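Visitor: I would like to learn how to read the features of a structure one at a time, with the general idea given before the particular case. Could we take it slowly?

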Amino acid sequence: MDSELQNKIRSRRSHHKSRLGCRNCKKRRVKCDEKKPTCTNCLHHSVECDFSAPVVLPSQGTSAPNKSTPTRRFRFKPSKYQPLPESPNADENHSTDSTSTAVQCDLSASHHESGGISFADLELFHQFVTKTYSSFGDPSDKHREIWQLHVPRSGISFPSIHHLTLAIAALHLAYENPDRRDDYVTRADSHFTFGVRSVTNILSKLDSDNCQMVYLSAVLICFIYFARGPRRGEYLVFSESGKSEWLVLMRGVRYILFSKHTEVFSGILDPGEQESPKMTPALETELSEQRAHLTVARQFLDQSVPESEKELYVSAMDKLIASFEEMHNIRSIRDDGANLMPAVIGWIYRLPETFVRRLEDKDSLALVILAHWSVMLKYMAPSWFMERWDMHVISGIRSSLRVDYHQWIEWPVRTICAP
């Protein structure tokens, strides 16, 4: 038995340790097969192999090359977007997979272990930091610092924010380029999937260190939901079947803020002192007319709701009247659109869970109140990601409401459907 073992050891192929590998392999401490003009490792990672670079000897009188000068160069490898045109002169040894699209700069040998940067994604990143961020409303310097600087920077260390910013930028480009909408929406869906998956894994580990990043991710998810456009059967607060997707997102935001409110609104997100605007006479007149219609609906509720539940419905209506006032106060200092998000979406956010469940169950009295709320969505329609939502929600309410209650939503229907 010992002699058989000794024979196996003797028959083992000898290994010659070479010190002639390329610099990239030496730096990464991996075995180099020394194939020329490009070793297999460099070919796989699409980086310039020093075997393929001609050796240049310094001539007399010239100084030695600066060691601090970076010598590493990147090639480009296929990504998954936009098909590349085939070149008739393409090198057969470097042919491109027909299913690949665009190009991707491979940084796998650097600190970025996640896979690389594609030109298609750089297009989305550029769109976000130059255009998309400003469409979220509030033209102040602090707003720009948060969305144009802080959020993209956070995406470097927090993958969900990175993917979600690219997703909303892709949807913005789809809005601006209808002829390429399908391509951009596909890219948005891909990034959205990665973004949601990433933040979902972290949500169960919510703490003081990551809560602000999780909150920003949740806000981006809500923006993306609106930007994706209305979908049949989904009316924000209620759905024709099952739970409302958007309402699930809102509950997620509420959970984050309930758990870590102080930590979330600190640092860059600290709201600081709030403005106290004075409403213009024209807006006061507009609010007065709207308050008259809202008061009629409130009187109807006061007379129709059983005494045991009157507080629930009347309170929701009173808060809605206050939200209309808040909306017009904001309008007195900023344009319509995304600036009104705190007032419009804030009403839904502050509703008690008991009333929200009535909306989910499509309770007629609750839907009457929601119909009056949907008037505020019309003021948000100038924002590209809020277009058509007012018409969509009021149509869903009307189709879900008992016919004998239609007379109580005539004003919201007339206001929203007016050109």
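**Reading the model**

Guide: Let us begin with isoleucine 224, which has its place in helix H8 (residues 211-227); helices here are DSSP runs of H or I with at least four residues, strands are runs of E with at least two, and both are numbered from the N terminus. This is a predicted model, in which local features need pLDDT of at least 70 and side-chain atom pairs count only at pLDDT 80 or more, while totals for chains, interfaces and linings use all residues. Residues are numbered from 1 along each chain as its sequence is written, and side-chain values use heavy atoms, with hydrogens and water left out.

Visitor: Is isoleucine 224 buried or exposed?

Guide: A residue counts as buried under 20% relative accessible area, exposed over 50%, and partly exposed in between, with a 1.4 Å probe and protein chains only. Isoleucine 224, with a relative accessible area of 4%, is buried.

Visitor: Which residues does isoleucine 224 touch?

Guide: Contact means heavy atoms within 4.5 Å. Leaving aside residues up to four places away in sequence, isoleucine 224 touches Leu164, Ala167, Ile168, Leu171 and Phe192. Phenylalanine 192 is 32 residues apart from isoleucine 224 along the chain, and their C-alpha atoms are separated by 8.2 Å.

Visitor: How should I read the packing of helix H6 and H7, and at what angle do they pack?

Guide: Axes are lines fitted to C-alpha atoms, for helices over the stretch in contact, and angles run from 0 to 180 degrees between N-to-C directions. Helix H6 (residues 159-176) and H7 have their axes 7 Å apart and pack at an angle of about 160°. H6 and H7 are therefore roughly antiparallel to each other, given that angles under 35 degrees count as roughly parallel, over 145 as roughly antiparallel, 65 to 115 as roughly perpendicular and the rest as oblique. The residues of the contact of H6 with H7 divide into 15 nonpolar, 5 polar and 1 charged, where Ala, Val, Leu, Ile, Met, Phe, Trp, Tyr, Cys and Pro count as nonpolar, Asp, Glu, Lys and Arg as charged, and the others, Gly among them, as polar.

Visitor: Which residues of H10 are buried?

Guide: An α-helix has 3.6 residues a turn, so residues three or four places apart point the same way. In H10 the buried residues are Leu283, Leu287, Gln290, Leu294, Ala297, Phe300 and Leu301. The elements that cover them include H11, H14 and helix H16 (410-417).

Visitor: At what angle do H14 and H15 cross?

Guide: Helix H14 (residues 364-380) and helix H15 (residues 389-400) have axes that come within 8 Å and cross at roughly 165°. That makes H14 roughly antiparallel to H15. By class, their contact has 8 nonpolar, 2 polar and 2 charged residues.

Visitor: Where should I look for backbone values that stand out?

Guide: Most residues other than glycine have a negative phi, and most peptide bonds are trans. Leucine 236, which is not a glycine, has a positive phi of about 65°; leucine 236 lies in the loop between strand S4 (234-235) and strand S5 (238-239) and is buried, with a relative accessible area of 0%. Lysine 362 also has a positive phi, near 60°; lysine 362 lies in the loop between helix H13 (353-360) and H14 and is partly exposed, at 28% relative accessible area. The peptide bond from lysine 36 to proline 37 is cis, with omega near 15°, and proline 37 has its place in the loop between helix H2 (23-28) and helix H3 (40-45).

Visitor: How many helices and strands does the chain have?

Guide: The chain has 16 helices and 5 strands, and buried residues make up 43% of its 419 residues.
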